[in-house]
Amino acid sequence: MNRNFCQTITFRCADPAPIIAMSEEWDRNQATSDIMGYMGSRVLADRERLGYYVIIAEFGVVDPNVSAADEAARNNARPETQAFADRLREVIDGEPEWHHFDELYRTDR
Amino acid sequence: MLVARGIATAVAPEGGLTDVQAELLGAIASALTGVAVDYRSLELLEPLGPEELADVLAARDAGYRHRIVHHMVLGELVLRPIPVVVAHRVATYAHALGVTDDFVRVARRYAQGAYGLAWMDLQRSGFVEHVRDADGDQPGASVPSKLDPFEPAQVDPELEARWTAFAELAPDTLGRRVWEMYDSRGFGLPGSPGGAPAYLAQHDFVHVLADYGTNLKGELEVFAFIGRADPDPKGFAWLATLIGLFETGYISSTGFFDRDVRERSIRAPGMHQRIADAIRRGKVVCDAYGVDLFDVDYSEFADRAVGEVRELLQMPAKSAGAIDSGSAGVFDPAGMSEKQRRFAAQRRGDDT
């Protein structure tokens, strides 16, 4: 079974617009780059805590011999990912929190 | 036969080729080579690995090898889901054949479940870059220029007037027949509110010339034909998109066409023969005419008889097999959707 993997990035900021623009730019670049585990992301706003946001980045298997979690680890090591993280830190307040999850169930598979 | 063995080995899921794969790939191989190829019997033979297939195709040029890879991709795209192992295997074959192809990557994204990225990739790699490459950007050119063929249409009275003028042309001219196609179905003319985007409307001339209907099956035929008639392998994007819309549902909307998988058109009886014949006809036009049919200035041919334009493009007739399999003509009610048939009946004043 191909188990997907998710990375969440939780952060606080005054204006999410630059983050959304960065995410769109990231997707455009990924779409025409060599395929890797990254599948897409969502940027969510916390309704209870104004100014808090979470990015959910999803990874899947593209090579039967490499897990989605390993694909995500490879993604983290890429210079463009590091650059994204650096830019993120410039537009948010404080440090982001990173969490990592194996997917156990989803409806649409 | 060796090539077909390689394709079969590349695209077979764990349980073996599906019926749709075997029928479609067999029909295409038979239509293009004139030799009956039974993909079911190929499965009984030894697999042919990527390096072995590369040896078989060593004397063939890059374009030929590229088309072989597209047959593999086609064999993948009709699967839902596409097993990751199949998509990865096809990429291995493409690499062994020395072919770098964007559609191999798109199929891998489908297999992964990254449908959003896949559509972005297909749009950018298959259409935008291709159209940009082909865009002469010449002042006064009559061929509509668009970087994105699915960009929403603009109201353009001058363009609408050019299309409306086709109604005044002599019967059986290309322009008149295209106008009749629009009029009989209630389609909005390009340039009118709700009309088709001008670039996409180019394919309606091909509906008339190649004599394909305008229901989902007819659209699959016409885009299989147009895609293969394009000398640039990126023309494959059209068929890949239509399969994603009308067979597997990998694509939800292009802005102009919306997903409709109620009929699962490719697996409908006879469709493998019809698609294969459309690809065969497209190949003949590609070899003889060698121009992307979206780049043709059809306004130059609008006052010529349809038959004359077909000769100019060296367009072969449909095969008997395709017709026997239900390939309907553009003015045949069987080539219309239910909604189009109802409109046509009302237009004729029928009670139905």
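A salt bridge here is a side-chain nitrogen of Lys or Arg within 4 Å of a carboxyl oxygen of Asp or Glu. With that in hand, let's work through this predicted model.

**Exercise 1.** Work out how many salt bridges and how many polar residue pairs link chain A and chain B.

*Solution.* 
- Step 1: Apply the salt-bridge rule across the two chains; the count is 0.
- Step 2: Turn to polar contacts, where 7 residue pairs across the interface of chain A and chain B qualify, both partners being at pLDDT 80 or more.

**Exercise 2.** Describe the side of chain A that touches chain B by its elements and residue classes.

*Solution.* 
- Step 1: Begin with the residues in contact: chain A brings 19 and chain B brings 15.
- Step 2: Take the area next, about 1400 Å² buried between the two chains, with 58% of it on carbon and sulfur atoms.
- Step 3: Ask who supplies it on chain A. A:Ala31, A:Ile35 and A:Met39 give 37% of the area that chain A buries against chain B, more than any other three residues.
- Step 4: Assign elements. Those giving two or more residues to this side are α1 (17-31) and β2 (38-45) of chain A, and α1(A) gives the most, with 4 residues.

How values were computed:
Residues numbered from 1 in each chain as written. Chains lettered and ligands numbered in written order. Predicted model: local features only at pLDDT ≥ 70, side-chain atom pairs only at ≥ 80, totals over all residues. Heavy atoms only, no water. Contact = heavy atoms within 4.5 Å. Buried area = accessible area lost by both parts, 1.4 Å probe. Polar contact = N/O pair within 3.5 Å; in protein donor to acceptor, adjacent residues only side chain to side chain. Nonpolar A, V, L, I, M, F, W, Y, C, P; charged D, E, K, R; others polar.
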